[in-house]
Amino acid sequence: MPNDDQTRPLGTQAEGVFASGGPGVRPASIEWTASSAGPRSADFGDIYFAADGLAESRHVFIGGSRIAERIAAGGDIVIAETGFGSGLNFLAAWDAWLSRDMGNCGRLTFVSCEFRPMRKDDLARSHATFPEISALSARLVDAYPALVAGPHDIDLDEGVRLRLIFDEAAAFRFETFTADAWFLDGFAPSRNPEMWRCELLAAVAARSRPGTRAATFTVAGAVRRGLQCVGFDVEKRPGFGQKREMLTATFVGPSRHD
Ligand SMILES: C[S@@+](CC[C@H](N)C(=O)[O-])C[C@H]1O[C@@H](n2cnc3c(N)ncnc32)[C@H](O)[C@@H]1O
């Protein structure tokens, strides 16, 4: 992905330098076509999710990272994501959180990076085909921040905090959280290799602890090897719908920031 955008003063991906905070980011360029099942990125030539996106999100990310089991265990949970996009994965996680035991006083913190954030109207339109989560969608759209570079902390009800970082994903290395689960969702590696590069996977590992789970829709060899290289045990699992396989992973390497 060329970094030739004069409106995005966030340093350069090539140098791995990020200066979060400051002026506006370039919004995502979304294509809506009659034949399109959902939003499509004109920047990357790829879809954000398939027609059955909510069910896919539940299968790949919620199921793959064992979020329901983690919530049932009680206490706080931290989920981190590479690529916020339309926020559909966040809404699926928030929805899963609502089914927790009422005695659970923990918090759900969802941290996600996005360097081409959707405009608010595109965000709302992305969720329109999922009436089941329309109430949560409306609340997210209402709270969605202005497209200003840097982190935005959004406190929603029910102990849910969204930390939405409008920056390149490697900005995770400036964060201090430790994730219980990672949703790795950054377009196909063939279309967006930047999102799967070693430097970024190292930042994922640095914000993980033994037992942290990760899930992704791709089983690309480079992603498998990259995750193994930074300390994850990886496993292929049945994919969603037409996709034969997906990946889940468990962090076994040492945490690098204890
Ligand atoms: C497949 S979409 C994510 C879908 C999203 N999780 C959802 O629930 O709608 C991938 C996202 O990653 C973002 N992205 C791609 N490369 C990035 C990078 N290097 N840093 C931050 N975000 C990136 C894209 O702009 C896009 O929104």
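Which residue of strand 8 does A80 stand opposite? A80 faces W182, and the legends below start from the whole chain and return to this pair. Please bear in mind that this is a predicted model, in which local features need pLDDT of at least 70, side-chain atom pairs count only at pLDDT 80 or more, and totals for chains, interfaces and linings use all residues. Residues are numbered from 1 along each chain as its sequence is written.

View 1. Helices (H or I, at least four residues) and strands (E, at least two) are DSSP runs, numbered from the N terminus. Of the 258 residues, 41% count as buried; a residue is buried if 20 or more other C-beta atoms lie within 10 Å of its own, exposed if 12 or fewer, and partly exposed in between, with C-beta atoms placed from the backbone. Contacts are pairs of residues whose C-beta atoms, placed from the backbone, lie within 7 Å. Among contacts with a separation of 6 or more, 70% come from residues 24 or more positions apart.

**View 2. Strand 4 (residues 77-82) is largely enclosed by the rest of the structure, because six of its six residues are buried.** In a regular strand the side chains alternate between the two faces of the sheet. Here both faces are covered, with I77, I79 and E81 buried on one side and V78, A80 and T82 buried on the other. Strands count as paired if DSSP finds at least two bridges between them. Strand 4 runs parallel to strand 8, joined by four bridges, and this is where A80 stands opposite W182.

**View 3. Strand 5 (residues 108-113) pairs with strand 4 in the parallel sense over six bridges.** V78 has T109 of strand 5 as its bridge partner. Five of the six residues of strand 5 are buried.

**View 4. The largest nonpolar core gathers 61 residues.** A nonpolar core is a set of buried Ala, Val, Leu, Ile, Met, Phe, Trp, Tyr and Cys residues joined through C-beta atoms within 7 Å. I79, A93, W182 and A215 have the most contacts inside the core. Helix 3 gives the most to this core, with eight residues. Setting aside neighbours within four places in sequence, A93 is in contact with I62, I67, I79, L108 and F110.

**View 5. Helix 1 (residues 53-63) is largely enclosed by the rest of the structure, because eight of its eleven residues are buried.** The buried residues are G53, E56, S57, R58, H59, V60, F61 and I62. They pack against helix 2 (67-72), helix 3 (88-97), strand 8 (181-184), strand 9 (213-216) and strand 11 (245-251).

**View 6. The ligand is surrounded by 22 residues.** The closest are G83, G85, S86, L88 and A169. The shell divides into ten nonpolar, seven polar and five charged residues. In this count Ala, Val, Leu, Ile, Met, Phe, Trp, Tyr, Cys and Pro are nonpolar, Asp, Glu, Lys and Arg are charged, and the others, Gly among them, are polar.

**View 7. P27 and D167 can each be viewed together with E114.** P27 sits in the segment before strand 1 (30-31) and counts as partly exposed, because it has 14 C-beta neighbours inside 10 Å. P27 and E114 are 87 residues apart in sequence and 10.0 Å apart in space, C-alpha to C-alpha. Leaving aside neighbours within four places in sequence, P27 is in contact with R116, P117, M118, R119 and L147. D167 lies in the loop between strand 7 and strand 8 and counts as buried, because it has 23 C-beta neighbours inside 10 Å. The C-alpha atoms of D167 and E114 are separated by 5.6 Å, although the two are 53 residues apart along the chain.

**View 8. Three strands form an open sheet in the order 1-2-3, with antiparallel pairing.** Strand 1 and strand 3 (46-47) are the edge strands, each pairing on one side only. Strand 1 is joined to strand 2 (residues 40-41) by two bridges, and I30 stands opposite S41 in strand 2.

Terms used
Near = placed C-beta within 6 Å. Contact = placed C-beta atoms within 7 Å.
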